[in-house]
Amino acid sequence: MAHLTAYSPVRSDDQNINGAENFNANSASNSQTKDKKLCWFGFAPCVLLFLAVVTMFLIGLLVGFYVKELENEDPSVTELCKEHQKDSQDYDVTKFVTYHDTLIYSIHGENFSKFVEKYGTKDPVTGSDLEARLSDEILQEFTKYSFTKVDVEEYDIVVPSADPSRPNRLEILHHNGSRQLDAYLTNRRDKIAKSSLKRNVTPTEWQNAFVAFSPPGEVQGSLVYGHYGLETDFQVLEAYNVSVQDKIVLLRLGKIPVASKVFNVESNGGKAVLLYWEPKDAEDSHVELYNTTYIPFASATQFSTDLPTFWKPSIPCQTISVSHARTLMTHLSADPRNVKAPEDWLESVARTNTLGGSSGSFIVRLTVNNQPVKKVIKNIISTIPGQTEYDRYIIVGAPRTALPGQPQDAIASSSLLIQLARAFHNMHQRHKWKPAKGVKLISWGGTELSNLGVQHYIKSHRYLLEQRAIAYIDLSQTTLGNDTLEMQSPKGFYETIEKIIKNAVDPKTGEYTFSYMDNDDTTEPYNGDNSESPSSLFVHALNLHTIKVQYKMVSS
């Protein structure tokens, strides 16, 4: 699959509103293993070292440092960088080489290993001891390497979360009075031994499965299957004459944020939502299900430019296991009066898919016992001021927390963010250098709570961000494999990133062996609507250019 040729970007015909697309590069020494977990004291630090170097080049491009060297006539790049003619005239090649060397040699692979050895590989949740230690470390390192000041923005929030003593409950009741299913929605400790819950580092409200921000309540009614809960899925239900009015709706996770799914159910008159991961969707989203009885976690709130505050569900919603979903599907399929689902809605949890629609021989009862829990979310911000355009800046962000079983590479990304701060500090110390435009390095809090740290930051600074922010570089989920470099970027950066990658050392070989992967089937355009990552918020709330760099497995 790998070719010993120069890297060039994969160009897809499909684009999202941000003009962002994916392009992949393959290592010449293609790994035979398909293990998605990297060895943190072997290959993974090399990957992070490589990603740090690439990210520094991207930052340099955006702040105007490398623009002359990587000159690109694409109008979108020209508009984005907005370089003054004076900057080009004053450009000095010898300084470029000196600065470049300083940046590269300021980033060390052993620092990644030490950081991960200190904090582990499991992402913390908000309020845990691990998250507090990680926050203190980032603040300390940011302060040590700061140019001017480091800001900590705190937000007090109240999150409806699981009651530790009363797990949420799912029942299947037949009209004859019999109970076919009575499940308390909790995960036994031995079933989550490999997750971030295995140690005593997680607050008690995360012991029982729940959807954050779901209101409490007891609801019962007929069941309807609504696929992913997209607006088009409800149009399909309407075309099949299946109503969700006063029904409990079963939905697959993935494709769009949980909040969007619940909002669509509410808009169509549904009274409750059940959510589960189809195994293939979970694999594609890098969610760890552990087994078919594991119940995942989710969060459902979102920023809206049309509301004075964040949108939250008004109906109960709850995650369930693959096994629970299979049981519900089986009961739907057993009633011949129910409408069959379209062929493209078929999935693996049931032999046949049925939409529901009839009053049926059974009803579903959902009891949600969520209770309010106070939390404090912190965003830690290090600002590197621009020298000529001090009021313009790019943002480089990394998550600090994640939902249990749904890793964001928070530890690795935090380490990467610190290394970038160190590299910029060394540049300034040795060469008295400052970028033409500013850079903000931000460690996001509340990532597992629908990216509330990002949402609050956008809400609090929206006007300034619209006027001053140039682009956002997303450092979440940086190391998902060891075969393919994937970069999501506006189309105008193709030629520039191609030049960057051609001069990047493959972390697997130590040589310049990255190559173009010409299989279009492996490339899907980035779509912010389909993601709960910070990138999607910056795209859709601010229409901001976003860039994301990841190391992934090759699709089999």
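User: What span should the 22 residues of helix H11 have, and how far apart are its end C-alpha atoms?

Analyst: The expected span of a helix is 1.5 Å times one less than its number of residues. Helices (H or I, at least four residues) and strands (E, at least two) are DSSP runs, numbered from the N terminus. H11 covers residues 410–431, and its 22 residues should span 32 Å. Its end C-alpha atoms are 32 Å apart, which agrees. This is a predicted model: local features need pLDDT of at least 70, side-chain atom pairs count only at pLDDT 80 or more, and totals for chains, interfaces and linings use all residues. Residues are numbered from 1 along each chain as its sequence is written, and side-chain values use heavy atoms, with hydrogens and water left out.

User: How many residues of H11 are buried?

Analyst: Buried means under 20% relative accessible area, exposed over 50%, and partly exposed in between (1.4 Å probe, protein chains only). In H11, 17 of the 22 residues are buried, so the helix is largely enclosed by the rest of the structure. Lys432 follows H11, with a positive phi near 55°.

User: How many aromatic pairs does the structure hold?

Analyst: Rings of Phe, Tyr and Trp (its six-membered ring) pair if their centres lie within 6.5 Å. Planes under 30 degrees apart count as stacked, over 60 as edge-to-face and the rest as tilted. The structure holds nine such pairs. One of them joins Phe210 and Phe297, edge-to-face, at 6.0 Å centre to centre with 80° between the planes. Phe210 is in the loop between strands S4 and S5, and Phe297 in the loop between helix H9 and strand S10, so the pair ties together parts that are 87 residues apart in sequence. Phe210 and Phe297 are both buried.

User: Which arrangement do the rings of Trp444 and Tyr472 have?

Analyst: Their centres are 6.5 Å apart and their planes at 45°, so the pair is tilted. Trp444 belongs to strand S17 and Tyr472 to strand S18, so parts that are 28 residues apart in sequence are tied together. Both residues are buried. Ring pairs also link Trp444, Tyr457, Tyr472 and Phe538 into a cluster.

User: Where does the charged end of Lys255 sit?

Analyst: A charge sits over a ring if NZ of Lys or CZ of Arg is within 6 Å of the ring centre and within 35 degrees of the ring normal. The charged end of Lys255 sits over the ring of Tyr228, 5.4 Å from its centre. Lys440 lies over the face of Tyr393, at 5.1 Å from the ring centre.

User: Which residues does Gly356 touch beyond four places in sequence?

Analyst: Contact means heavy atoms within 4.5 Å. Gly356 touches Leu223, Val242, Leu332, Asn338 and Val339. It lies in strand S13 and is buried, with a relative accessible area of 1%.

User: Is Lys114 buried or exposed?

Analyst: Lys114 is exposed, at a relative accessible area of 55%. Its place is in helix H5. Lys114 and Ser415 are 301 residues apart in sequence, yet 9.5 Å apart in space, C-alpha to C-alpha.

User: What is the mean pLDDT of the protein?

Analyst: pLDDT is the predictor's confidence in each residue, from 0 to 100. Its mean here is 77, and 69% of the residues reach 70 or more. Over residues 1–20 the pLDDT is below 50, though this stretch has 71 contacts in the model beyond near neighbours in sequence. Where pLDDT is low, the predicted coordinates should not be read in detail.
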